[in-house]
Amino acid sequence: MRLQEFWSRLTDHFGPMRAESVARDHVFSSLGGRSAVEAIDAGLPVRRVWLAICEEYEVPPKLR
């Protein structure tokens, strides 16, 4: 998954304002206690970050 696709899916699912908050403010234990942005900046695969968000926010499997 490319970073552009990550942001597009995040925005489509949460809306532009909430997507930013989910990515920057929410800390995910499955990402080592980091936000999505921090995890991506640390080099974690974007797909792994997206799946962590999906799990935490119960995104339907067909949208993952």
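What covers the buried residues of H1?

Modeller: This is a predicted model, in which local features need pLDDT of at least 70 and side-chain atom pairs count only at pLDDT 80 or more, while totals for chains, interfaces and linings use all residues. Residues are numbered from 1 along each chain as its sequence is written, and side-chain values use heavy atoms, with hydrogens and water left out.

The cover of the buried residues of H1 includes helix H2 (16-25), helix H3 (36-41) and helix H4 (46-56). Helices here are DSSP runs (H or I, at least four residues), numbered from the N terminus. Contact means heavy atoms within 4.5 Å.

H1 itself spans residues 3-14, twelve residues in number. From its first C-alpha to its last it reaches 16 Å, close to the 16 Å expected at 1.5 Å a residue; the expected span is 1.5 Å times one less than the number of residues. Its buried residues are Phe6, Leu10 and Phe14, where buried means under 20% relative accessible area and exposed over 50% (1.4 Å probe, protein chains only). These three cover an arc of only 30° around the axis, which puts them on the same side of H1; the arc is that of the directions from the helix axis to the C-beta atoms. Gln4 and Asp12, on the other side of H1, are exposed. Just after the helix, Gly15 takes a positive phi of about 85°.

From the side of H4, the buried residues are Val46, Val49, Trp50, Ala52, Ile53 and Cys54, and they pack against H1, H2 and H3.

Methods
Helices (H or I, at least four residues) and strands (E, at least two) are DSSP runs, numbered from the N terminus.
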